[in-house]
Amino acid sequence: MRAAVLYENAEIKVEGASRRIIELPWKQNPLDIVEINIPAPMKDQVLIRVEACGVCYTDIDIIEGRVKCKLPVIPGHQIIGKVVESSNGHSSILLGRRVGVAWIARSCGSCDYCLRSEENLCVDFKATGCHVDGGYAEYTTAYKEYVYEAPENVDASKLAPLLCAGAVGYRALKLSNIKSGLRLGLFGFGASAHILIQVIRRLYPDVEIYVFTRSQEHRDLAMRLGADWSGNPLEEPPRKIDRAIDFTPVGETITRALELMNPGGRLVINVIRKQTPINLIYEKHLWHEKEVKSVANVTRRDVKELLKLAGEIPLEVHVEEYELSEVNTALRNLKSARVKGSAVLRLI
Ligand SMILES: [Zn+2]
Ligand SMILES: [Zn+2]
């Protein structure tokens, strides 16, 4: 089978970017497209013919060494495909089914977190396309307890971004403790938020949604997808908000969201790293029972619920499709913010 393999960490070369001082080779094509054997499913695994696999910012972190993974590794953790083989009889029910595979490849099943269904926080969390090979390939294997039925009536490319951008956003929504009648602010409106807003509209029709983003194009899209108001993050919205989800890489968004928040409100931060500092002043930003919470990874339940919803709601998911052979181009475009929506590798 053909696969895109990372043999050694390298910095992805982007036109116009000045070289940073890090001890990594500066490579135009960090992934090699190679011909390798189709993997055999091990105990409790299934073999999946990959239809589509999303390209995520975390894949850039993996390639550039900020997320430590096995090497060599086949990246890719937003996989949609068909189960073509199983390692034992138990999983035969999945044969022929379309499934999704997300960042969570497996968890230990016995730690305190796993026992209370918070396997996203498992002490022995194994990630797809990192600790085990992922979906930048024609075939991949996955643990049968960690694959999820995916709707057949939706294009594979449009389902792939739901496995990470979508599912983490959906988890952030649940962690925000949103309730009918509240006002929710979304800060940043990229791959994750444009999916999430459609889910919110379906699940919470009377939640008022304000979208804060610098991009006029994104503000227009937000209004078309159901926002009640959209504006620049520094603009004053019509009213204060009760909940907020922050999708932006900058620390300033946290203070801004908390300034705009009603007492008792909660902010969920849906990013792994902030590129600029956070200057919280307790009296101004947290007093009056305001809460701040981060979101890490996804649980199986998050992914299952979102894929089920995707079969029921005609979600508008913006994707740019690439062939497997174009994976390095996809990564460069993503790194230089030239992808509109989500980048997806199309395998079939
Ligand atoms: Zn991801
Ligand atoms: Zn565990």
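**Ground rules**

I number residues from 1 along each chain as its sequence is written, and chains are lettered from A and ligands numbered from 1 in the order in which they are written. Since the model is predicted, local features need pLDDT of at least 70 and side-chain atom pairs count only at pLDDT 80 or more, while totals for chains, interfaces and linings use all residues.

**Entry 1: domains**

I started with the domain assignment, which gives domain 1 (2-163 + 298-346) and domain 2 (167-294); such bounds come from an automatic or database domain assignment. I looked up the spacing of their C-alpha centres and got 27 Å. Next came the contacts, where two residues count if their C-beta atoms, placed from the backbone, lie within 7 Å. I found 16 residues of domain 1 in contact with 11 residues of domain 2. On the domain 1 side, helix 9 (residues 300-312) gives the most, with four residues. I also sorted that side of domain 1 by type: 11 nonpolar, three polar and two charged. For the sorting, Ala, Val, Leu, Ile, Met, Phe, Trp, Tyr, Cys and Pro count as nonpolar, Asp, Glu, Lys and Arg as charged, and the others, Gly among them, as polar.

Helices (H or I, at least four residues) and strands (E, at least two) are DSSP runs, numbered from the N terminus. Axes are lines fitted to C-alpha atoms, for helices over the stretch in contact, and angles run from 0 to 180 degrees between N-to-C directions.

I took helix 4 (residues 165-175) against helix 5 (residues 191-203) and read an angle of about 55°, with the axes 8 Å apart. That makes helix 4 oblique to helix 5; angles under 35 degrees count as roughly parallel, over 145 as roughly antiparallel, 65 to 115 as roughly perpendicular and the rest as oblique.

Then I turned to helix 9, whose axis comes within 9 Å of that of helix 4 and crosses it at roughly 110°. Helix 4 and helix 9 are therefore roughly perpendicular to each other. I list Gly-166, Ala-167, Tyr-170 and Arg-171 from helix 4, and Asp-302, Val-303 and Leu-306 from helix 9, as the residues making the contact. The contact of helix 4 with helix 9 splits into four nonpolar, one polar and two charged residues.

**Entry 2: helix 7**

I asked which residues of helix 7 (residues 252-259) are buried, and the list is Thr-253, Ile-254, Arg-256, Ala-257 and Leu-258. A residue is buried if 20 or more other C-beta atoms lie within 10 Å of its own, exposed if 12 or fewer, and partly exposed in between, with C-beta atoms placed from the backbone. The buried residues of helix 7 pack against several elements, including strand 12 (183-187), strand 15 (241-246) and helix 8 (282-286).

Most residues other than glycine have a negative phi, and most peptide bonds are trans. I found a cis peptide bond between Leu-71 and Pro-72, with omega about -5°. Pro-72 sits in the loop between helix 1 (57-63) and strand 6 (79-86).

Asp-44 is not a glycine, yet has a positive phi of about 70°. I place Asp-44 in the loop between strand 4 (31-35) and strand 5 (45-55), and Asp-44 is partly exposed, with 16 other C-beta atoms within 10 Å. Asn-297, also not a glycine, has a positive phi of about 60° and lies in the loop between strand 17 and helix 9. Asn-297 counts as buried, with 21 C-beta neighbours inside 10 Å.

**Entry 3: single residues**

I looked up Arg-2 in strand 1 (residues 2-6); Arg-2 is partly exposed, with 14 other C-beta atoms within 10 Å. Leaving aside neighbours within four places in sequence, Arg-2 is in contact with Ile-33, Glu-35, Ala-137, Glu-138 and Leu-324.
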